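Please keep the structure open while you read.

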Amino acid sequence: MPEKNVVTWTAAMVGYAQNGLINEAQHIFDQIPEKNVIVWTAMIRAYVKDSQVDQALELFYKMPERNLYSWNVMIQGCLNDKRVDKALELFNPMPWKNAVSWTTIVTGLARNGLLEMAREYFDQMPNRDPAAWNAMITTYVDEGLAAKADELFDSMPNKETVSWNVMIGGYAKSGLEGEALKCFISMLRSGLRPNQTTLTSVVTSCGGILELLQAHVLVLLLGFDQDTSLNNALVTMYSRCGDINSSLITFENLIVKDVVSWTAIILAYANHGLGNQALQAFAQMLRFGNKPDKITFVGLLSACSHAGLVKKGQKFFESMRYAYGLKPRAEHYCCLVDILGRGKLVDEAMRVVQQMPPEECR
């Protein structure tokens, strides 16, 4: 190029970094005649994204001037690298902090298991935005501390759909289905419209067929009848409630079926003892070009066990590794042992147990 300005140099540097060519990016950085704070920060961010935190810190300390974004990027990089002490060493003396700075430190501390410290910093925040509230609530939910999450959620001044989703999903994951449904009703009363994530959590919280039918009606009324992930949850929950026909109807009405859709119906057939139908669904799945995953094979092996298909079960187990490059896990070995045991091949079942990798025997 006959002429290059700072934008040209930065674009080339960032382009190299985004393509994983960090050394070439550094080479460009070194050639830039006049580096402004944007150039320095872009190179630091490149090192952070490449998990080279030491190199990022070295540049950070060399910067002639820093802006707020520079501090936030460096603190986030340290937290991602589990260097909490270094992150706090940077955060505490920052000349100025914004909502992103505070949310970054709170989320990072929580993600590194320092819940009490995260809460201390959260309480110190001068202006808590919804992202900070959601981050703290999510952390409590992920740690199974439903009471603390509930207490914080109740004190939240402005609840967004994301906030309600965190609570509803958290209750569902913790096995508190009744609380999840109560929370959902409160959300509707607040005037907020649920989205796909909300309804997926609600569907998975339904403990009986009547609740599930009501949830399904709501899915239809709100226009989410072709949302794939939501309908995958419906397929699974209808099966768990004993209604395999509704599982099949929901599955067949899906226009777009992904690997989770096919796996859900295969598991539904397997759990209802319909082994041959499960294998037929798997054959269809392959014809439509969907590649099975590890959960798909749990369904297939379970189906073979219920149907007494010993040879097919052994063949599927072998194909996991050699045809699809999937390493069998403990649940797959358990299914194979069950298949062999039901087929009265006790010695072979024992050999499978003895040959299991140690890490799958825990």
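The text below takes the cavity first, then the pocket, then the rings.

This is a predicted model.

**The cavity**

A search of the whole structure finds one cavity of 30 Å³ or more. The volume of the largest cavity is about 50 Å³. Its lining is made of Val141, Gly144, Leu145, Ala146, Ala149, Met167, Gly170, Tyr171 and Ser174. Two helices, α10 (146-154) and α11 (161-173), each supply at least two of the lining residues. The most comes from α11, with three residues. Sorted by type, the lining holds six nonpolar residues, three polar ones and no charged ones.

The largest pocket holds about 290 Å³ of space. Two elements give two or more residues to its lining: α15 (228-240) and α17 (259-271). The biggest share comes from α17, with seven residues. In total, 16 residues line the pocket. Nearest its centre lie Asn232, Thr236, Arg240, Ala264 and Leu267. Eight residues of this lining are nonpolar, six are polar and two are charged.

**The aromatic rings**

Now turn to the rings. A pair of aromatic rings is described by the distance of the centres and the angle of the planes. The search finds 13 aromatic pairs in the whole structure. Two of them are set out here.

| Pair | Distance of centres | Angle of planes |
|---|---|---|
| Phe91 and Tyr121 | 5.8 Å | 70° |
| Phe251 and Trp262 | 5.0 Å | 75° |

Why is the pair of Phe91 and Tyr121 edge-to-face? Its planes stand at 70°, and planes over 60 degrees apart count as edge-to-face. Phe91 belongs to helix α6 (residues 84-91) and Tyr121 to helix α8 (residues 115-124), so the pair ties together parts that are 30 residues apart in sequence. Both Phe91 and Tyr121 are buried.

The planes of Phe251 and Trp262 are at 75°, so this pair is edge-to-face too. Phe251 sits in helix α16 (residues 244-252) and Trp262 in helix α17, so the pair ties together parts that are 11 residues apart in sequence. Are these two residues buried or exposed? Phe251 has a relative accessible area of 6% and is buried. Trp262 is at 3% and counts as buried. The cut-off for buried is under 20%.

Rings can also group. Phe282, Phe297, Phe316 and Tyr324 form one aromatic cluster.

**Charges over rings**

Phe91 comes up again here. The charged end of Lys97 sits over the ring of Phe91, 4.9 Å from its centre. Lys35 lies over the face of Phe29, at 5.1 Å from the ring centre.

Note on methods: Residues are numbered from 1 along each chain as its sequence is written. This is a predicted model: local features need pLDDT of at least 70, side-chain atom pairs count only at pLDDT 80 or more; totals for chains, interfaces and linings use all residues. Side-chain values use heavy atoms; hydrogens and water are left out. On a 1 Å grid over the protein atoms alone, a cavity is a set of points where a 1.4 Å probe fits but cannot get out, and a pocket is an open set with protein on both sides within 12 Å along at least five of seven lines; lining residues have an atom within 4 Å of a point. Grid points are joined across faces, edges and corners, and a volume is the space filled by probe spheres set on the points. Helices (H or I, at least four residues) and strands (E, at least two) are DSSP runs, numbered from the N terminus. Ala, Val, Leu, Ile, Met, Phe, Trp, Tyr, Cys and Pro count as nonpolar, Asp, Glu, Lys and Arg as charged, and the others, Gly among them, as polar. Rings of Phe, Tyr and Trp (its six-membered ring) pair if their centres lie within 6.5 Å; planes under 30 degrees apart count as stacked, over 60 as edge-to-face and the rest as tilted. Buried means under 20% relative accessible area, exposed over 50%, partly exposed in between (1.4 Å probe, protein chains only). A charge sits over a ring if NZ of Lys or CZ of Arg is within 6 Å of the ring centre and within 35 degrees of the ring normal.
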